[in-house]
Amino acid sequence: MPSEMFLSQCESAKFLSLHLGKTQKYWYRRLTKNLYRPSLLHGYRITVHVVDGKPMYALPALREFVRINQPST
């Protein structure tokens, strides 16, 4: 998968805050906990890839997380 398809933990938190509300800090903490206890994210574990020793999140996985967690209208 190309590197532009991955976001760092900070970038992922910003992406989630833009699409799901709450603060970037909130999502950063949730992603940190996702590494150890995925049930905290509604039972959904966003796959983490380690690139150069840093956790990276695939953009398609983040989009799917947003899709299933958006409030129904």
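Helices H1 and H3 are roughly parallel to each other in this predicted model, because their axes cross at roughly 25° and angles under 35 degrees count as roughly parallel. The two helices belong to a chain that holds three helices and three strands, and that follows the pattern β-α-α-β-β-α when read along the sequence.

**Packing of H1 against H3**

- Helix H1 spans residues 9-20 and helix H3 spans residues 59-69, and their axes come within 10 Å of each other.
- The crossing in which H1 passes H3 is right-handed.
- On the H1 side the contact is made by Ser12, Phe15, Leu16, His19 and Leu20, which meet Leu59, Leu62, Arg63, Phe65, Val66 and Asn69 on the H3 side.

**Arginine 67 in H3**

- Arginine 67 also has its place in helix H3, and with a relative accessible area of 53% this residue is exposed, because the cut-off for that class is over 50%.
- Although arginine 67 and leucine 20 lie 47 residues apart along the chain, a distance of 9.4 Å separates their C-alpha atoms.

**Tryptophan 27 in H2**

- Helix H2, which covers residues 24-34, is the place of tryptophan 27.
- Tryptophan 27 counts as buried, because its relative accessibility is 7% and the class takes in values under 20%.
- Between the C-alpha atoms of tryptophan 27 and serine 12, residues that stand 15 positions apart along the chain, the separation is 8.1 Å.
- Serine 12 is also one of the H1 residues that take part in the contact with H3.

- Strand S2, made up of residues 48-51, pairs with strand S3, made up of residues 54-58, in the antiparallel sense and over four bridges.
- Within this pairing, histidine 49 stands opposite methionine 56, the latter being a residue of S3.
- The two strands form a hairpin that leaves two residues between them, and aspartate 52, which lies in the turn, has a positive phi of about 55°.

**The chain as a whole**

- The chain has 73 residues, of which 30% count as buried, and tryptophan 27 in turn counts as buried.

Key. Residues numbered from 1 in each chain as written. Predicted model: local features only at pLDDT ≥ 70, side-chain atom pairs only at ≥ 80, totals over all residues. Heavy atoms only, no water. Pairing = 2+ DSSP bridges. Axes fitted to C-alpha atoms, helices over the stretch in contact; angles between N-to-C directions. Parallel < 35°, antiparallel > 145°, perpendicular 65-115°, else oblique. Left-handed = near helix turned anticlockwise from the far one by under 90°. Contact = heavy atoms within 4.5 Å. Buried < 20%, exposed > 50% of the residue type's maximum accessible area, 1.4 Å probe, protein only.
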